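Here are some notes to read alongside the model, written for someone meeting such a structure for the first time. Please keep the sequence and the 3D view open while you go through them.

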Amino acid sequence: MDIATTATAVLSGDRRALAQAITLVESGRADHRAQALALLATLQTSGRQALRIGLSGTPGVGKSTFIEAFGLMLTGSGLRVAVLAVDPSSARSGGSILGDKTRMERLSRDPRAFIRPSPAQTQLGGVARRSREAVALCEAAGFDVVLIETVGVGQSETVVAEISDLFVLLLAPAGGDELQGVKRGIMEMADLILVNKADGELKPAALRTVADYAGALQLLRRRPQDPADFPKAMPVSALTGLCLAEAWDQMQTLATWRRQQGHWASRRAAQARHWFEEEVRRGLLAALIADPARTTLARLGSSVAKGDLTPEAAAAEMLRLMGRG
Ligand code: GDP
């Protein structure tokens with residue numbers, strides 16, 4: 001692949017080139033990695049920024065339906081929308097989410113949209129890196145909004161929060177008066193809780209669920225980086241389109257506020273620092289399991305097991321040897 005040509009094509013918004021570039025950053029091959037780094041470095045100079053929206057929800061809450069309706073609303077208003085999925089493949093039956101592509105059929109045919117399913121067979125760490133880089137590629141390709149979708153399986157929300165500007169939690173109407181088992185940590189990450197399926201028979205339950213979550217959100221610590229009425233909960237219906245425009249308004253309000261207050265830039269800066277440290281950590285771990293470090297590790301491990309060295313002394317020795325290269 002010629003990096004300069006690919007970079008030019010991505011910058012011109014060419015979706016085929018974008019897809020190829022994402023395939024490149026997903027590759028595990030060392031020579032591909034070098035090309036991917038060169039491409040990302042070239043594209044970073046574009047200075048383009050999309051609104052990155054993380055979207056999480058358990059299977060069945062209506063993520064695909066929501067993304068299709070919400071995405072079409074945005075493309076209908078002239079915006080370009082990219083959709084990426086962030087999931088360890090084990091979280092999905094069948095590995096990849098090709099199924100989503102057919103479910104978001106109209107959106108995937110929209111010339112202003114780009115949908116990328118998550119690759120099969122990836123570890124969460126690998127997914128995180130790939131997703132972050134894919135987001136950067138979509139930004140360089142001039143997309144206005146990048147939706148980063150994840151199944152609510154706990155860990156992946158944290159990853160999504162680390163690569164998005166806003167985090168939206170999609171919930172279904174709760175049965176009875178019980179709150180769904182949403183972990184506090186995930187609630188704390190949410191900027192906007194959307195209770196989907198606020199239509200037909202489910203509408204009263206959806207409105208009750210919104211009220212319950214609005215109450216629960218008020219109990220959380222106020223965030224200095226947000227206007228006083230955020231985070232908030234509201235009803236939507238992906239099926240009828242109810243409140244989709246209002247939800248978009250809320251997202252823009254929050255994004256504008258954060259830009260004006262400087263929180264947007266500082267969040268992105270903190271994320272960049274986080275990913276830098278994460279890459280160093282990954283690199284060090286990779287070096288640890290490759291020879292000659294692995295041999296040394298095994299040797300020192302045996303000494304520790306036999307009681308010839310304390311774990312601390314052996315660890316210090318290992319680090320000293322690695323530092324020496
Ligand atoms: P996902 O697993 O989160 O991607 O959920 P889907 O988008 O596949 O939706 C799961 C089911 O919920 C499907 O049968 C949808 O038709 C239904 N659904 C999605 N959104 C709505 C909605 O707003 N209202 C109603 N009544 N059903 C919905």
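The points below take up the salt bridges and then the strands.

1. Before reading on, please note that this is a predicted model, in which local features need pLDDT of at least 70 and side-chain atom pairs count only at pLDDT 80 or more, while totals for chains, interfaces and linings use all residues. Residues are numbered from 1 along each chain as its sequence is written, and side-chain values use heavy atoms, with hydrogens and water left out.

2. How many salt bridges does the count come to? With a salt bridge taken as a side-chain nitrogen of Lys or Arg within 4 Å of a carboxyl oxygen of Asp or Glu, the count comes to 16.

3. One of these joins the side chains of Glu139 and Arg52, with 3.0 Å from N to O. Because Glu139 belongs to helix α7 (residues 124–140) and Arg52 to strand β1 (residues 51–57), the pair ties together parts that are 87 residues apart in sequence; helices (H or I, at least four residues) and strands (E, at least two) are DSSP runs, numbered from the N terminus. Glu139 and Arg52 are both buried, where buried means under 20% relative accessible area, exposed over 50%, and partly exposed in between (1.4 Å probe, protein chains only). A network of salt bridges links Arg52, Glu139, Asp165 and Arg268.

4. Helix α7 also holds Arg132, whose salt bridge with Glu279 has its closest N and O atoms 3.5 Å apart. This pair links distant parts of the chain, since Glu279 sits in helix α12 (residues 263–288), 147 residues apart from Arg132. Glu279 is partly exposed, with a relative accessible area of 25%.

5. In the salt bridge between Arg258 and Asp226, the closest N and O atoms are 2.9 Å apart. Arg258 lies in helix α11 (residues 244–261) and Asp226 in the loop between α10 (203–218) and β7 (232–235), so parts that are 32 residues apart in sequence are tied together. Arg258 is buried at a relative accessible area of 3%, and Asp226 is buried at 5%.

6. In strand β6 (residues 192–195), Leu192 and Leu194 point one way and Ile193 and Val195 the other way, and all are buried. Strands pair if DSSP finds at least two bridges between them; four bridges join β6 to strand β5 (residues 166–171), and these two run parallel. Leu171 stands opposite Val195.

7. On which strand is the bridge partner of Leu194 found? The partner is Met234 in β7, and β6 and β7 run parallel, joined by four bridges.
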